[in-house]
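Here is a brief report on aromatic contacts and ligand surroundings. Have the sequence and the model open as you read.

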Amino acid sequence: MSEQKLVLSDPATGKQCELPVRKGTHGPAVADIGSLYREHAMFTYDPGFVSTASCRSDITYIDGNQGILLYRGYPIEQLAEKSNFIEVAYLLLYGELPTQTQLDTFNHSIRYHTMIHESLRDFFRGFHYDAHPMAMLTGVVGSLSAFYNAAQDTRNKDDQEIFAHRMIAKIPTIAACAYKHSIGQPFVYPRNDLDYASNLLHMLFAVPAETYEVDPVAAQALDMLFILHADHEQNASTSTVRLAGSSGTNPYAAISAGVACLWGPAHGGANEAVLNMLEQIGDVKQIPQYIAKAKDKNDAFRLMGFGHRVYKNYDPRATVIRGMCHKILQRLGKENDPLFELALELEQIALNDEYFKEKKLYPNVDFYSGIIYKALGLPTNMFTVMFAIARTVGWVAHWIEMTNDPEQRIGRPRQIYTGAAQRDYLDPAQRD
Ligand code: ACO
């Protein structure tokens with residue numbers, strides 16, 4: 001049987017080029033353009049990488065038209081209902097669901113690595129009290145590279161594993177320190193007898209002057225949000241980690257690049273932007289005015305939490321969070337939250353509006369996550385930090401996959417040069 005090929009012809013020369021077509025487990029056919037420049041002196045142009053696969057990956061699959069998200073083949077809905085974040089982290093890192101013994105060993109290792117070096121804690125004191133927690137997270141995660149640098153061999157499997165465990169274990173501790181610094185409270189040490197989400201809540205909300213009891217409902221909600229946010233294939237921040245890591249840089253520095261990218265409002269910063277938008281809208285009566293602004297080409301306003309590069313259908317994570325939002329608010333006694341009511345109404349109006357229907361703009365994961373974070377008592381500027389904690393697992397899994405990929409090379413896109421044509425330098429007196 002002949003191998004499928006994509007044939008392109010150059011109208012100028014009439015020369016044809018044959019590109020091999022690759023196929024993954026799921027998803028569309030992919031033309032392999034790797035030889036295009038070498039053999040035909042031609043590049044492809046794809047701003048925003050809309051039609052470009054940057055790598056092969058076994059980790060996560062998204063079908064944006066059907067609204068399907070699979071971690072290592074398992075549907076996100078099943079994992080959200082039956083699994084927990086630590087088990088999902090194991091699955092993403094190692095490729096299979098763990099046996100009980102594997103899970104216990106992994107869980108123990110993550111709990112064991114939660115503390116950060118005392119000198120690293122001192123770094124926070126250098127930040128101004130009103131620094132954004134994402135700014136602190138970016139800086140301090142990058143600074144981990146100064147503590148774990150010596151003899152780091154990025155291709156050594158043991159070094160990779162210890163990096164993965166440290167990164168996943170320490171990111172909640174760093175995140176909690178950023179929060180405590182911003183509100184002027186003392187840092188709280190991790191408690192290794194608590195599960196991942198409960199320990200984070202303890203580090204965020206406990207104070208030395210009082211006994212703090214972790215609310216199991218809050219911990220369960222957080223754990224589920226972390227499962228939903230853990231990975232999302234080659235999104236902007238994960239691609240950033242891969243690109244930074246492709247140079248062979250220290251892996252903690254590569255993760256810090258991912259944190260910086262996630263911060264933007266078009267990516268992980270959207271959960272913060274959604275809450276700000278809902279507060280700005282303020283009342284159901286104002287919704288039509290804001291829908292009109294979102295549709296106006298001359299207005300920069302966008303409906304935050306709507307639209308996605310890949311999903312042209314309901315984001316499956318948004319469906320799970322929406323259902324959870326009702327339950328959590330009820331169990332926390334906040335079911336009449338006006339922001340949630342406003343969000344539901346906004347969602348209905350947008351979903352029935354021709355503009356949003358035609359452009360296939362559906363609510364994404366961030367439309368509801370902020371409402372839950374708010375109900376848990378987190379300030380708006382911590383929402384993206386919570387996202388970063390969960391996504392760290394995905395970043396680490398992708399960094400390991402990239403580093404071990406025999407096809408891996410330094411990432412180096414090309415460009416269409418549109419600047420001045422070659423010209424000669426003139427002395428200042430000759431320029432007018
Ligand atoms: N409100 C109003 N119009 C929108 C929105 C929106 N939220 N999103 C897209 N559009 C319109 C665009 O104006 C554009 O219209 P046009 O074709 O007439 O020019 C069209 O829909 C396509 O939008 P693009 O920006 O080209 O789509 P892209 O795939 O590049 O961007 C993105 C996707 C960034 C998510 C975009 O939908 C957006 O800005 N949404 C709001 C921010 C947000 O919620 N981000 C979180 C994404 S999920 C995550 O990262 C975890």
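## Aromatic cluster

One aromatic cluster is made up of F306, F340, Y355, F356, F367 and Y368. This is a predicted model: local features need pLDDT of at least 70, side-chain atom pairs count only at pLDDT 80 or more, and totals for chains, interfaces and linings use all residues. Residues are numbered from 1 along each chain as its sequence is written, and side-chain values use heavy atoms, with hydrogens and water left out.

The structure holds 22 aromatic pairs (Phe, Tyr or Trp rings, the six-membered one for Trp, with centres within 6.5 Å; planes under 30 degrees apart are stacked, over 60 edge-to-face, the rest tilted). F306 and F356 pair edge-to-face, at 5.8 Å centre to centre and 70° between the planes. F306 lies in the loop between helix 13 (287-295) and helix 14 (316-331) and F356 in helix 16 (residues 354-358), so the pair ties together parts 50 residues apart in sequence. Helices here are DSSP runs (H or I, at least four residues), numbered from the N terminus. Both F306 and F356 are buried (under 20% relative accessible area, 1.4 Å probe, protein chains only).

## Ligand contacts

The ligand has 21 residues around it, and R302, L303, G305, R309 and K359 come nearest (a heavy atom within 4 Å counts as near). By class, this shell has eleven nonpolar, five polar and five charged residues (Ala, Val, Leu, Ile, Met, Phe, Trp, Tyr, Cys and Pro count as nonpolar; Asp, Glu, Lys and Arg as charged; the others, Gly among them, as polar).

A backbone N or O atom of F306 lies 2.9 Å from a nitrogen atom of the ligand. For G305, a backbone N or O atom is 2.8 Å from a ligand oxygen atom.

Conventions. Helices (H or I, at least four residues) and strands (E, at least two) are DSSP runs, numbered from the N terminus. Buried means under 20% relative accessible area, exposed over 50%, partly exposed in between (1.4 Å probe, protein chains only). A polar contact is a pair of N or O atoms within 3.5 Å; within protein, one must be able to donate a hydrogen and the other to accept it, and residues adjacent in sequence count only if both atoms are side-chain atoms.
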